[in-house]
Amino acid sequence: MIKVKVLTGMPGSGKARKMIGDIASFKGRYVFATSRIDLINERIDDLRRQAAAAGTSPTIHPIHGETGSRLPVLAEIEAAASLHQHEEHVVVLITHEGMMGANLDGFAGWHILIDETPAAVTSNTLRVSLSSGYRSSARNQFTISRLRSLSSQP
């Protein structure tokens with residue numbers, strides 16, 4: 001199962017700061033999606049500062065079109081789930097476009113946090129494959145409920 005958390009609130013109210021603080025403080029496997037590549041770079045700086053303050057050192061794996069990877073972005077996103085599956089504390093940072101285009105099945109059990117409201121959430125749908133228990137390669141639409149706040153622990 002893939003659980004998606006979307007923290008809503010007024011601009012500048014600290015939503016991204018809260019999510020980054022939780023990622024830095026609590027070990028786990030995270031996908032953090034934001035709207036633009038420059039925001040990924042800002043969030044990496046924020047994450048490093050917060051992790052140092054929390055005494056943690058998560059693996060940070062940004063994936064976007066300007067990283068210089070030889071893999072296409074969507075293939076790299078999909079491969080990241082298995083690459084980091086045994087790590088205790090990892091965050092994969094991607095754009096909304098990457099999130100909406102990639103097959104996220106491999107991220108089942110990960111925390112997926114979305115910074116800013118992408119079109120998929122605005123429309124209340126996100127396209128993901130059906131569970132592996134279903135033997136069809138058909139695609140399905142799932143409704144995403146907006147969460148008004150994050151719990152104290154992700």
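Me: Which pattern does the chain follow when read along the sequence?
Reply: This is a predicted model. Its chain holds five helices and seven strands. Read along the sequence, these elements follow the pattern β-α-β-α-β-α-β-α-β-α-β-β.

Me: What percentage of the residues of the chain count as buried?
Reply: A residue counts as buried when its relative accessible area is under 20%. The chain has 154 residues, and the part of them that counts as buried is 40%.

Me: Is strand 4 largely enclosed by the rest of the structure or largely exposed?
Reply: Strand 4 spans residues 90–95. Val90, Val92 and Ile94 point one way from the strand, while Val91, Leu93 and Thr95 point the other way, and all are buried. Because six of the six residues are buried, strand 4 is largely enclosed.

Me: Which residue in strand 4 does Thr34 stand opposite?
Reply: Strand 2, made of residues 29–34, pairs with strand 4 in the parallel sense over six bridges. Within this pairing of strands, Thr34 stands opposite Thr95.

Me: Where does the chain cross from strand 3 to strand 4, and what is the hand of this β-α-β crossover?
Reply: Strand 3, residues 59–62, pairs with strand 4 in the parallel sense over four bridges. Between the two strands the chain passes through helix 3, residues 73–83, and the crossover is right-handed.

Me: Which residues touch the most other members of the largest nonpolar core?
Reply: The largest nonpolar core has 16 residues. Strand 2, helix 3, strand 4 and strand 5 (111–114) are the elements that give two or more residues to this core. The members that touch the most others are Ile77, Ile94 and Phe107.

Me: How many residues make up the other core, which lies apart from the largest one?
Reply: This other core includes Met19, Ile20, Ala24 and Leu47. The core lies apart from the largest one, and its residues number 13.

Me: What is the angle between the planes of the aromatic pair formed by Phe107 and Trp110?
Reply: The structure has one aromatic pair. Phe107 is buried, with a relative accessible area of 1%, and Trp110 is also buried, at 4%. Their rings lie 4.8 Å apart, centre to centre, and the pair is edge-to-face, with an angle between the planes of 85°.

Me: Which residue has its backbone oxygen 3.0 Å from a polar atom of the side chain of Lys15?
Reply: Lys15 lies in helix 1, which spans residues 15–25. At 14% relative accessibility, Lys15 counts as buried. The backbone oxygen that lies 3.0 Å from a polar atom of its side chain belongs to Met10.

Me: Why are Asp22 and Lys18 separated by about one helical turn, and what is the N to O distance of their salt bridge?
Reply: Both residues lie in helix 1 and are four residues apart, so about one helical turn separates them. Asp22 is buried, with a relative accessible area of 7%, whereas Lys18 counts as partly exposed at 31%. Their side chains meet in a salt bridge with an N to O distance of 3.1 Å.

Me: Which residues are linked with Arg43 in a network of salt bridges?
Reply: Side chains of opposite charge can pair when their charged atoms come close. Arg43 is buried, with a relative accessible area of 12%, and forms a salt bridge with Glu42, the closest N and O atoms being 3.9 Å apart. Glu42 is partly exposed, with a relative accessible area of 39%. The residues linked with Arg43 in the network are Glu42, Asp46, Arg49 and Asp115.

Me: How many salt bridges does the structure hold?
Reply: The bridges between Asp22 and Lys18 and between Arg49 and Asp46 are among those in the structure. The number of salt bridges that the structure holds is seven.

Note on methods: Residues are numbered from 1 along each chain as its sequence is written. This is a predicted model: local features need pLDDT of at least 70, side-chain atom pairs count only at pLDDT 80 or more; totals for chains, interfaces and linings use all residues. Side-chain values use heavy atoms; hydrogens and water are left out. Buried means under 20% relative accessible area, exposed over 50%, partly exposed in between (1.4 Å probe, protein chains only). Two strands pair if DSSP finds at least two bridges between them. A crossover is right-handed if, with the strands pointing away from the viewer, the path from the first strand over the helix to the second runs clockwise. A nonpolar core is a set of buried Ala, Val, Leu, Ile, Met, Phe, Trp, Tyr and Cys residues joined through side-chain atoms within 4.5 Å. A polar contact is a pair of N or O atoms within 3.5 Å; within protein, one must be able to donate a hydrogen and the other to accept it, and residues adjacent in sequence count only if both atoms are side-chain atoms. Rings of Phe, Tyr and Trp (its six-membered ring) pair if their centres lie within 6.5 Å; planes under 30 degrees apart count as stacked, over 60 as edge-to-face and the rest as tilted. A salt bridge is a side-chain nitrogen of Lys or Arg within 4 Å of a carboxyl oxygen of Asp or Glu.
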